[in-house]
Amino acid sequence: MRERAWQVLAVLLTVGAVGCTEGAPEQEVLELSFGHVGAPGSLFALSAEEFAARVNARLEGEARVVVYGSSQLGGDEVLLNKLKLGTVDFALPSSIMSSRIPEFGIFEMPYLVRNRQHMARIEEEVVWPVLAPLAEEHGYRILGVWENGYRHVTNNTRPVRAPDDLAGLKLRTPRGTWRVKLFQNFGANPVPMALSEVLIALRTGVVDGQENPLAQIHASKLNEVQQYLSLTEHVYTPAYVTVSPDHWEDVPEHVRMVVEEEARGLRDFVYETARTLDRELLVTLADTQISVNWANGDAFQRASQPIYDEFTTTVELGQELVDRAMRVAGSE
């Protein structure tokens, strides 16, 4: 009898332990929001989605990155403000950084970045040692440097082959200080506005044209309301995976480590995807109703010198940044 009693007690204890385990709440998965302005199919969207997939695979059950594209969480200005408030975890700003931090205007200098290999060296020589610490001082921590891309001009008035062809055109630009100055220098009338507003502005004639990488032009369907695509490649713009230093420190260390590794490690994927998009979209767009032409890059470069002169003389580190970027170009 005593042996039987002990057997029953053992069963009851086992059942009780199992019941307690089954009734225990599951560990809550930390959700990290990633907001950006790119439309589906854009380089921003493809990069952010690949980043989320890689992070989520490594942190399954612990944390999850959720991507909100197409300005669902706001345009670049709103997203940068939300980072500081802690209501968004990641943003992917590009040109707008030059309006917040003058030294980021280095990437508004026309024809500075020769190719993506050059950009990779500029990242190591300029972004991490100089620009990233400056961003941190202003309340933004850069985790990775991705790409927005080489920018081109579209409009409904005329093909743009030389700077004089921009004279008088109302041209949408991002809210980057130096982009506005650049197109003023070329004789255009730049109109800064959020990317989410551009399609309607073009359709209604509020602006004559705009400038963006091919991936943004196609994904946002801007080519459908434009007659001319002029391949100017006037500026190469990076994009920065950005968080708030204050709120980022609240994220568990292991999660931060994985996210930071994947943000830095995604660059090769971003570059290869960008190359593919550039090739494929040029063919795709050429087969639409939009008329495509190459611009005279030499003429645009000659007309760009005043922008370099102003940047290097008015921005405290301007000359040093330009020198660093050009010095690593010498190892092509």
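Select Arg-141 first: Arg-141 is buried, with a relative accessible area of 19%. Buried means under 20% relative accessible area, exposed over 50%, and partly exposed in between, using a 1.4 Å probe and protein chains only.

This is a predicted model: local features need pLDDT of at least 70, side-chain atom pairs count only at pLDDT 80 or more, and totals for chains, interfaces and linings use all residues. Residues are numbered from 1 along each chain as its sequence is written, and side-chain values use heavy atoms, with hydrogens and water left out.

**Stop 1: around Arg-141**

Arg-141 sits in strand β4. Strands (E, at least two residues) and helices (H or I, at least four) are DSSP runs, numbered from the N terminus. Now show the side chains of Glu-136 and Glu-249. The Arg-141 side chain makes a polar contact with the Glu-136 side chain at 2.8 Å. With the side chain of Glu-249, Arg-141 makes a polar contact at 2.7 Å. A polar contact is a pair of N or O atoms within 3.5 Å; within protein, one must be able to donate a hydrogen and the other to accept it, and residues adjacent in sequence count only if both atoms are side-chain atoms.

Contact means heavy atoms within 4.5 Å.

**Stop 2: the largest nonpolar core**

Select Phe-107, Leu-131 and Leu-166. These have the most contacts inside the largest nonpolar core, which has 55 residues. Such a core is a set of buried Ala, Val, Leu, Ile, Met, Phe, Trp, Tyr and Cys residues joined through side-chain atoms within 4.5 Å. Elements giving two or more residues to this core include α3 (76-85), β4 (141-155) and α14 (318-329). Colour α5: the largest share, 11 residues, comes from this helix.

Next, centre on Leu-166. Leaving aside neighbours within four places in sequence, its contacts include Val-153, Phe-183, Phe-186 and Phe-300.

**Stop 3: the second core**

Move to Phe-51, Ala-215, Leu-231 and Ile-290. They belong to a second, separate core of 45 residues.

**Stop 4: zoom out**

Show the whole protein as a cartoon. It has 14 helices and 10 strands. The C-alpha trace spans about 105 × 45 × 35 Å along its principal axes. Of the 332 residues, 52% are buried. Among contacts between residues at least 6 apart in sequence, 75% join residues at least 24 apart.
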